[in-house]
Amino acid sequence: MRMSPASIAGPLVTLVAFTLASCEHATEAENAAISPVFESSASTKGYEAIDLGTLGGDPSYAMKINARGQVVGWSRTESGARRAFLWEDGVMTELSTLGGSRSDAMDINARGQVVGSITLVSGYTHAFLWENGVMTDLGTLEGGQSWGWGIDAGGQVVGWSTTASWESHAFLWKNGVMTDLGTLEGTEESLAADLNPQGQVVGWSFTDPTGPSHGFLWERGEMTDLGRGMYARSINAHGQVVGNRFTESGLSRAFLWEDGVMTDLGDLGGGESDARDINDRGQVTGWSRITSGGTRHAFLWENGVMTDLGTLEGGTGGIAIGINALGQVVGYGRNESGELPAILWTPKP
């Protein structure tokens with residue numbers, strides 16, 4: 001859909017709202033999605049769920065974790081502002097801003113570089129790169145808005161940005177240069193969600209933000225269609241891709257794609273699932289409903305087996321979003337008080 005700056009409050013906002021809602025990790029509407037229907041223990045099959053707290057408000061969402069155990073995400077502050085955070089060694093720190101009203105941290109690499117998006121004083125949202133206390137505006141593809149979503153070990157960033165014609169296109173940012181990755185043939189807009197050390201990028205492409213999307217794999221300037229009704233969310237160093245696809249009946253199913261072969265990862269009994277991240281060991285994390293239409297629980301999938309990671313003590317539900325090389329998982333879920341804090345699921349010694 002082609003847009004002008006004057007129409008930013010219309011289709012562009014719809015696009016962004018739909019994209020974030022479909023990713024289920026950047027909208028307040030999720031709070032109601034983890035309803036107190038089912039309770040389980042704080043750990044399941046060797047995993048412990050740890051409450052990471054907030055920046056003073058409710059909720060807080062953990063998005064990614066690196067091998068050093070550093071966690072990034074966003075949280076409400078005591079005043080209700082939405083701010084990006086870095087959690088390390090039990091301390092949650094609010095990241096610096098560029099003077100705007102809102103920020104979200106989406107990914108972190110082994111060097112501690114953080115990528116995300118920040119709302120500027122102008123009201124526009126731009127992708128950022130944060131390192132050692134310094135936040136850098138990554139700019140746009142000649143449009144007014146951009147969002148950063150993934151970063152690799154070398155500091156390359158992927159996400160999406162509006163173009164001069166106000167279409168949203170996936171981008172790859174490297175050494176100060178933002179490159180438009182284009183869209184799949186027959187579609188008008190795209191979003192990049194992740195990349196691996198080989199420079200392969202995954203995401204999805206679409207024409208209507210409320211219609212079916214097509215997952216894609218981008219490599220060396222060529223974008224390959226992975227299938228209709230798909231959201232390709234993460235790719236590891238081996239080229240394994242995970243995400244979710246929708247069935248004809250509208251159910252979400254977690255998948256693993258490798259060398260052209262699509263594998264359904266199953267569910268925890270409720271018929272629906274969504275894979276969010278995969279590490280280089282082939283461990284996959286995400287969420288699955290435990291009963292039909294019921295509560296979502298975080299899972300770890302490995303070697304064909306999907307394991308329920310459990311909930312906080314006395315809490316209900318959970319969404320897993322990121323996993324590191326050690327198998328530590330982050331996301332969020334309800335605690336005993338009904339609040340929605342960031343969670344770290346870590347293997348027991």
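This is a predicted model: local features need pLDDT of at least 70, side-chain atom pairs count only at pLDDT 80 or more; totals for chains, interfaces and linings use all residues.
## The tilted pair

A pair of aromatic rings is described by the distance of the centres and the angle of the planes. The model has 8 aromatic pairs. One joins Tyr 61 and Trp 74: the ring centres are 4.8 Å apart and the planes meet at 55°, so this pair is tilted. Tyr 61 belongs to strand β2 (residues 56-65) and Trp 74 to strand β3 (residues 71-77), so the contact ties together parts that are 13 residues apart in sequence. Both Tyr 61 and Trp 74 are buried.

## The stacked pair

Trp 147 and Trp 160 pair as well. Their ring centres lie 5.1 Å apart with planes at 15°, so the pair is stacked; planes under 30 degrees apart count as such. Trp 147 sits in strand β10 (residues 146-151) and Trp 160 in strand β11 (residues 157-162), so the pair ties together parts that are 13 residues apart in sequence.

Trp 147 and Trp 160 are also members of an aromatic cluster.

## Charges over rings

Trp 74, the partner of Tyr 61, has Arg 82 over its face, 3.6 Å from the ring centre. Trp 287 has the charged end of Arg 296 over its ring, at 4.9 Å from the centre.

Terms used: Residues are numbered from 1 along each chain as its sequence is written. Side-chain values use heavy atoms; hydrogens and water are left out. Rings of Phe, Tyr and Trp (its six-membered ring) pair if their centres lie within 6.5 Å; planes under 30 degrees apart count as stacked, over 60 as edge-to-face and the rest as tilted. Helices (H or I, at least four residues) and strands (E, at least two) are DSSP runs, numbered from the N terminus. Buried means under 20% relative accessible area, exposed over 50%, partly exposed in between (1.4 Å probe, protein chains only). A charge sits over a ring if NZ of Lys or CZ of Arg is within 6 Å of the ring centre and within 35 degrees of the ring normal.
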